[in-house]
Amino acid sequence: MRVLEIDHPLVAHKLTVLRDATTHSSVFRQLADELVTLLAYEATRQVRVGDVEISTPVTEMTGTKLTNPKPMVVPILRAGLGMLDGLTRLLPTAEVGFLGMVRNEETLEVTTYANRLPEDLTGRQCFVLDPMLATGHTLIAAVEYLTERGASDVTCVTLLCAPEGLAAMEAAVDPEIDLTIVTASIDEKLNEKGYIVPGLGDAGDRLFGVV
Ligand code: URA
């Protein structure tokens with residue numbers, strides 16, 4: 001498992017505004033979107049491309065284009081939806097599948113309540129979107145779900161990670177699986193309620209309101 005914590009002044013700036021409890025949800029949504037686009041630039045470094053022959057107005061040349069099958073982007077409902085536009089802005093030809101997962105706030109266990117994904121993901125590169133890697137339970141379940149269907153490599157794009165969640169993922173996910181975690185910050189710890197500290201609170205609520 002590779003973990004990339006992106007060190008960039010714009011990432012740090014936008015993340016600080018997101019963390020601020022006084023930031024209104026309209027600004028939060030906008031900044032989360034911009035932040036994901038910055039993270040997506042790094043997350044797509046290993047996206048599969050191949051040579052293509054093209055003609056410029058001046059000459060023939062060999063260029064580079066995304067190959068088939070196109071990547072699959074998988075936002076985890078609900079908070080991952082707030083990251084979808086930020087990623088597909090850079091990968092507009094990717095397909096989008098959905099996984100609905102919810103954690104029980106008392107036991108912190110995760111259940112899958114919805115999915116809209118191809119049964120066969122053989123050889124697909126998948127980009128999973130979930131803003132908070134806290135206990136790691138949701139992303140462990142998502143990575144298992146995708147790799148059981150044949151996904152060849154999985155990149156999880158998160159805004160924040162807790163060290164405990166990263167350790168849980170490292171222990172739970174088959175080391176043969178090509179797994180990358182991209183994040184704006186590895187924070188200090190999880191608190192007793194399973195929130196990331198210092199964190200930014202409940203990402204779904206901050207994006208979409210308390211419903
Ligand atoms: N999910 C959130 O939205 N926030 C946290 O801090 C942890 C999990």
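1. Basis. The model is predicted: local features need pLDDT of at least 70, side-chain atom pairs count only at pLDDT 80 or more, and totals for chains, interfaces and linings use all residues. Residues are numbered from 1 along each chain as its sequence is written, and side-chain values use heavy atoms, with hydrogens and water left out.

2. Cysteines. How many disulfides does the structure hold? It holds zero, where a disulfide is a pair of cysteine sulfur atoms within 2.5 Å. Cys126 has its closest cysteine sulfur in Cys156, at 9.7 Å, which is too far for a bond. For Cys161 the closest cysteine sulfur is in Cys156, at 8.8 Å, and that is too far for a bond. Cys126 is buried, at 1% relative accessible area. Cys161 is buried too, at 0%. Buried means under 20% relative accessible area, exposed over 50%, and partly exposed in between (1.4 Å probe, protein chains only).

3. Helix pair, geometry. Helix α4 spans residues 137-148 and helix α5 spans residues 163-172. Helices (H or I, at least four residues) and strands (E, at least two) are DSSP runs, numbered from the N terminus. The two axes come within 9 Å and cross at roughly 30°. Axes here are lines fitted to C-alpha atoms, for helices over the stretch in contact, with angles from 0 to 180 degrees between N-to-C directions. So α4 and α5 are roughly parallel to each other. The class limits are under 35 degrees for roughly parallel, over 145 for roughly antiparallel, 65 to 115 for roughly perpendicular, and oblique for the rest. The crossing of α4 past α5 is right-handed: the near helix is turned clockwise from the far one by less than a right angle.

4. Helix pair, contact. From α4, Leu139, Ile140 and Val143 meet Ala168, Met169 and Ala172 of α5. Contact means heavy atoms within 4.5 Å. The contact residues divide into six nonpolar, no polar and no charged. Nonpolar covers Ala, Val, Leu, Ile, Met, Phe, Trp, Tyr, Cys and Pro; charged covers Asp, Glu, Lys and Arg; the others, Gly among them, are polar.

5. Asp130. This residue sits in the loop between β8 (125-129) and β9 (132-133). Is Asp130 buried or exposed? Asp130 is buried, with a relative accessible area of 10%. Neighbours within four places in sequence aside, Asp130 is in contact with Ile76, Gly80, Met83, Thr138, Leu139, Val157, Thr158 and Leu159.

6. Arg124. The loop between β7 (110-116) and β8 holds Arg124. Arg124 is buried, at 9% relative accessible area. Leaving out residues up to four places away in sequence, Arg124 touches, among others, Pro69, Lys70, Glu95, Gly150 and Asp153. Leu146 is 22 residues from Arg124 along the chain, with 9.3 Å between their C-alpha atoms.

7. Ile177. This residue is in the loop between α5 and β11 (178-186). Ile177 is buried, with a relative accessible area of 19%. Ile177 and Leu66 are 111 residues apart in sequence, and 22 Å apart C-alpha to C-alpha.

8. Cis peptide bonds. One joins Asn68 and Pro69, with omega about -5°. Pro69 lies in the loop between β3 (60-66) and β4 (72-77), and is one of the residues that Arg124 touches. Another cis bond joins Val197 and Pro198, with omega about 0°. Pro198 lies between β13 (196-197) and α6 (203-208), in the loop.
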